[in-house]
Structure formats: structure tokens, C-alpha cells
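Student: I would like to go through the labels used for this model and see what each one rests on.
Tutor: Then let us take them one at a time.

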Amino acid sequence: MNTRTKEAIRYLGYGSRAVDDKTLALVLESFDELDRVAEKRIIYRIFPLTAPETDWLRIDNLKIHSRNLSRNLRGCEKAVLLGATLGIQTDRLLKRYSYTDMARAVVLQACAAAVLEENLDRWQTALKEQMKEEGYYLRPRFSPGYGDFSIEHQGEILRMLDSAKRIGLSMTGGNMLAPTKSVTAVIGMGRNDVPCPAGGCECCGKDDCLYRRG
Ligand code: SF4
């Protein structure tokens, strides 16, 4: 079973239980559909980062109060702001199934989340190699809404990325992203070689790490 299939099954709440054949078939069919319709896009920009006060960060003109993010970005000089989406066709497919086949819609939601993460992991691995050549090391992705990093910063991040114009990624009321299968995040860039795995702090065994998020 490949990583994205395992992830989708985990999102469906199976934990350590074995997935039944019917659900597994739905998962594989959903990935096939997503491979056909998803318009995967990622944009990013790199900004200077400072920490003017305890638990405060400044990314260009964006001021953030967050203890969790401050810890994760400790020692970083720059921050990558990113926006990623699977596009509007994925939303249309999800909507169609939510009217006609709820079980399939639920599985498709989980698969779409796994595809979005897989695409980001792949992109981040390439960025990590590129930045290493410039002497920078990347911290794990940290999204608004995680820990005490307020979801309200999502709008400012989208504006700084000019994401509506560049990839059609915008925000509706209540800080919801449109298209829905999208994400924004911050990645710290520092000179310290912190050995962060692609899956981030949740799957990292470095329990004593100074930068652990959450
Ligand atoms: S706990 Fe692991 S993944 Fe998280 S910042 Fe430290 S080294 Fe990186």
C-alpha cells in the first residue's frame, strides 16, 4: 500500500484496524478520479523574518502572535509563505458525490486531503534541496489554525501571495478557503541544520527538539 493510500485510510479513522475491501476499492477509485480532475498548484514567496518580542513574529509586514509558531521558527532568518490547491474541479466532483453517493464523497474528501499533502511533501523536498545549496535549512510546514497560530492570518497570507490572481485561491467568509481543498502555510528558513522529516514534527522522533511545534 503506498503512502497516500495509507494516509487516506488514516484520515477515514481506521487507525490500526484493517480496512475492508469495499472501502479500499472506493479509495483507489477516488485516487483515479482525482488524478484525472485535480489541478494541483502551489505558489510561494520568501520574506524576511524577525522576532521583535517574545512570542511575536514579523514576516515582512505581517505581524503574528503565536507561541507555537515562534518556537518552530526560532533562529530562522526568512520564511516561505505558501498556498496550495487541488482546484475548482475537485470541489465540483466532491459536491456532485455529496448529492448522489455520500459514502463516496466521504472517501473522496479523505483522498483529496492525502493528494494535497503528498503534492506539498514532494514540492517541499525539492525546495529543501534547492535551499540547502544556498545554505538554508527548512523547518516543517505550519498552517494557520494549527496550535495558537490564528486562522485569521490566512487572508493576509493569500494577499501577500497574490494567490487569487496567480492560482485562483481566495477566501470566503469564516476564513474558509476557496477552492476548499487548499491550504496555506509558513515554512521557516534557518542556518541551523535541523533534520526535519517530510512528515513534520508529528512523525519525528526528536523529542528534545527545541523547535518542535505544538
Ligand atoms: S521535532 Fe523534528 S520535525 Fe519538528 S522541528 Fe524538530 S527536527 Fe524538525
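Tutor: A cavity is a set of grid points where a 1.4 Å probe fits but cannot get out, and its lining residues have an atom within 4 Å of a point. The model is a predicted one.

Student: Which residues lie nearest the centre of the largest cavity?
Tutor: V194, C196, C201, C204 and C209 do, out of 13 lining residues. The volume of this cavity is about 120 Å³. A search of the whole structure with a threshold of 30 Å³ or more returns one cavity.

Student: What makes the lining count as nine nonpolar, two polar and two charged residues?
Tutor: Cys and Val count as nonpolar, Lys and Arg as charged, and Gly as polar. Sorted in this way, the lining gives nine nonpolar, two polar and two charged residues.

Student: Where does the ligand sit?
Tutor: In the largest cavity.

Student: Which residues surround the ligand?
Tutor: Among them are P140, P197, G200, K206, Y211 and R212, as well as C196, C201, C204 and C209. By class, this shell has eight nonpolar, one polar and two charged residues.

Student: Why is Y14 called buried?
Tutor: Buried means under 20% relative accessible area. Y14 has 14%, so it is buried. Y14 belongs to the loop between α1 (3–11) and α2 (21–37).

Student: Which residues does Y14 touch, leaving aside those up to four places away in sequence?
Tutor: I9, V19, D20 and T23. Contact here means heavy atoms within 4.5 Å.

Key: Residues numbered from 1 in each chain as written. Predicted model: local features only at pLDDT ≥ 70, side-chain atom pairs only at ≥ 80, totals over all residues. Heavy atoms only, no water. Near = heavy atom within 4 Å. 1 Å grid on protein atoms, 1.4 Å probe; cavity = no way out; pocket = protein on both sides within 12 Å on 5 of 7 lines; lining within 4 Å. Sits in = over half its atoms within 2 Å of the grid points. Points joined across faces, edges and corners; volume = space filled by probe spheres on them. Helix = DSSP H or I, 4+ residues; strand = E, 2+ residues; numbered from the N terminus. Buried < 20%, exposed > 50% of the residue type's maximum accessible area, 1.4 Å probe, protein only.
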